[in-house]
Amino acid sequence: MLENKLGITNEVELAKEEEKITKLKALELFDNKIIDKFEVETFKGLSKIHEYLFGDIYEFAGKIKKDNIAT
């Protein structure tokens, strides 16, 4: 179970909330042309997009994780 900012401890519930939040954030990213501010096709840009999409859910959003999160 990934530690999250939402305090959710159920994997199914977390997956549902993650999907809901990231879909809304993706719409914002494109509709408000926020994506144009990122260096697309670079690691820096990809990490900024990841941070934008998942930053409300996970502390590690946009950062390189050294821990294995696959469990």
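How are helix 1 and helix 2 oriented to each other? In this predicted model, the axes of helix 1 (residues 11-31) and helix 2 lie 8 Å apart and form an angle of about 125 degrees. The two helices are therefore oblique to each other, since this class takes the angles left over by the roughly parallel (under 35 degrees), roughly perpendicular (65 to 115) and roughly antiparallel (over 145) ranges. Helix 1 contributes E18, I21, T22, K25, A26, E28 and L29 to the contact, and these residues meet I49, Y52, L53 and F54 of helix 2.

Two of the contact residues of helix 1, K25 and E28, are also joined by a salt bridge, with an N to O distance of 3.9 Å. Being three residues apart in helix 1, they are separated by about one helical turn. K25 is buried, at 14% relative accessibility, whereas E28 is partly exposed, at 32%. Through shared partners, salt bridges link K25, E28 and D56 into one network.

The count of salt bridges comes to six. Among them, E17 and K20 pair at 2.9 Å, N to O; both residues belong to helix 1 and lie three residues apart, about one turn. E17 is partly exposed at 24% relative accessibility, as is K20 at 49%. Another salt bridge joins K44 and E39 at 3.5 Å, N to O, and E39 is partly exposed, with a relative accessible area of 41%.

I64 is located in the segment after helix 2 (43-54) and is exposed, with a relative accessible area of 62%.

Methods: Residues are numbered from 1 along each chain as its sequence is written. This is a predicted model: local features need pLDDT of at least 70, side-chain atom pairs count only at pLDDT 80 or more; totals for chains, interfaces and linings use all residues. Side-chain values use heavy atoms; hydrogens and water are left out. Helices (H or I, at least four residues) and strands (E, at least two) are DSSP runs, numbered from the N terminus. Buried means under 20% relative accessible area, exposed over 50%, partly exposed in between (1.4 Å probe, protein chains only). Axes are lines fitted to C-alpha atoms, for helices over the stretch in contact, and angles run from 0 to 180 degrees between N-to-C directions. Contact means heavy atoms within 4.5 Å. A salt bridge is a side-chain nitrogen of Lys or Arg within 4 Å of a carboxyl oxygen of Asp or Glu.
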